[in-house]
Amino acid sequence: MIRKFDNHEIRTVNVLDGFWLFATDENNVGENEKWQEKGFKGKSTFVPSCWNTDLGLLNYEGVCWYEKEFLFDGGTLKLEFGAVMTSARVYLDGEYLGEHYGGFTAFSFIKEDVSKGYHKVTVRVDNSFDSTSIPQSKVDWFHYGGITRSVTAEKLSGLTIMHNRFNYTLCGDTAKCDFDLELYNATNETIEDEVKIYLEGNEVISQMVKVGARTIAFIKTDCFTIKNVRLWSPKTPNLYFVKIVSSSDDLFDRVGFRTVEVKNKNIYLNGDEFVFTGVNRHEENTENGMAFPPSLMQRDIDIIKQMNCNSIRGSHYPNNPIFVDMLDEQGLAFWSEIPIWGCGFSAETLANPIVIERGLVMHKEMVKQYCNHPSILMWGMHNEILTDCNEGYEISKIYYEYLKSVNDGRLIVYASMRPLTDICYDFCDVVCFNLYNGWYYSEIESWDKFVTDLHEYLEKLGKSDKPIIASEFGAASIYGYHTFDDIRWTEEYQSRLLSYTIDLFLDKSSYSGTFVWQFANIRTYQPLNLNRVRGYNNKGVVDEYRRPKSAYFAVKDAYKKFN
Ligand code: ADA
């Protein structure tokens, strides 16, 4: 997987980003006509990218094909895709390797005994929707398709380190730690090898392991202790460099130590009360869609930090690991969630076993791939589903129980758009609401009554001990639209709403955080929804080109006293 730092020294990793052959398959005939074997006519396109940003393909929804030749040194090949939207079938030299569903997590395939020389990888990508899709067709972002994150071809030799999860418990400034390792024996014989782990260059584990031929082994290492731990927090983003080596392979990672917990209506980070001054951010822009380039990530982070934010909600899906690496490094807390989004999910869809299972797999992939990032303080289960009906209750229970079983100390949340009738608060550590008073309905001042109503409702349910976060609130504005009157769509109105609400939630009501909706305008897909002027959701405090609106400065000012 491509990270912000090199994560292998011994293993040979060939990054397949660059130009691939590409073709649309409007009639979905490619597989029958054996494009995976015979090839196809197409044009050259850059990977990673979204096909929708090509001229003429903006609204193309369906199947597309990608093909690339690459040179391999021979042996065991691991082909990894950072993300493909939304489902992918992968072929190597015409032979089916496997498939993956879900647009925002990485997946890989291993192929043994691959000859030395040129090979051809072919990918059939489908971004169409049906009743079991996650997300559903109805979302408030654009339906991009494509190979949206990096692709790598890795050569696996001997005992290989496939995955690691770092576990620790803190007692004062001493940590008791161990690792869960996933090891793969890429040879035809049983291997006995020594696995060593270094933290900040110091050896903490040296353990003999025995793994059968072509087998994956899951191993818990011995325990070790780290004294005088330097904790991670947005103000002190201390990281520890991890190096895991066998005699033929290696894997580098970074971890951090921190505690996050909920007590007496508050959230505590490393024992100190923590208030999220946050913003919702889609990993998207007009030119690149959701193949958001790492070269622009730093700019977004700089703009967000300069706005006095200490946190980001990755609305509404797992973000590029490179971005999360940057947050670890630069001290921004993160809420990571899966793309179960809102009103697209009817009660019937929420009860569909395929949907439930797909969502569970997405949670499992997110947890596995992002488990070591200290910046992730919260796992988000879903956004704005029907949490006031039994189907919403059942699916929330399943995901909550899974996330609790992960036992990694993170807070478990979901964003409710029915906070005053919600019946799922058993399944969250923090009550989080998305509401748009002063925008879609009523006036800005109506927020005061909501604050009282929510307290009363939580009291009635016996849930008033839970902290509260305003996970979405905001108003749209058109960049450069100013009037002397206090009316919607102006920069002034958006600023007034955000100043008023942040002050009400954080100063007057002592909520544990606010995540403004939203960082930047995003392209959206809502045919015939004239509320989405220009085809954009315009609630960004910066526009889609990251030009600041007045609201940017209003939020910066409102958050100042908390940082
Ligand atoms: C919801 C949703 C967001 C966005 C927002 C809006 O709260 O979670 O993705 O659609 O509404 O702008 O209306």
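Predicted model: local features only at pLDDT ≥ 70, side-chain atom pairs only at ≥ 80, totals over all residues.
**Entry 1: domains.** I looked up the domain assignment of the protein chain, which gives domain 1 as 12–156, domain 2 as 159–248 and domain 3 as 271–560. I then took the centres of domain 1 and domain 2 over C-alpha atoms and found 32 Å separating them. For the contact between these two domains, I noted 6 residues from domain 1 and 5 residues from domain 2.

**Entry 2: buried area.** I recorded that domain 1 and domain 2 bury about 490 Å² between them. Carbon and sulfur atoms carry 59% of that area. I next asked which residues in domain 1 lose the most area to domain 2. They are Ile110, Glu112 and Leu156, which together make up 66% of what the domain 1 side buries.

**Entry 3: polar and charged pairs.** I searched across the interface of domain 1 and domain 2 for salt bridges, and the rule finds 2. I also inspected the side chains of Asp113 and Arg214, which meet in a salt bridge at 3.1 Å, N to O. For polar contact across the interface of domain 1 and domain 2, I list 4 residue pairs, with both residues at pLDDT 80 or more.

**Entry 4: elements on the domain 1 side.** I traced the side of domain 1 that touches domain 2 to its strands: S5 (75–81) and S9 (107–114) each supply at least two residues. The largest share, 3 residues, comes from S9.

Definitions and conventions: Residues numbered from 1 in each chain as written. Heavy atoms only, no water. Domains from an automatic or database assignment. Contact = heavy atoms within 4.5 Å. Buried area = accessible area lost by both parts, 1.4 Å probe. Salt bridge = Lys/Arg side-chain N within 4 Å of Asp/Glu carboxyl O. Polar contact = N/O pair within 3.5 Å; in protein donor to acceptor, adjacent residues only side chain to side chain. Helix = DSSP H or I, 4+ residues; strand = E, 2+ residues; numbered from the N terminus.
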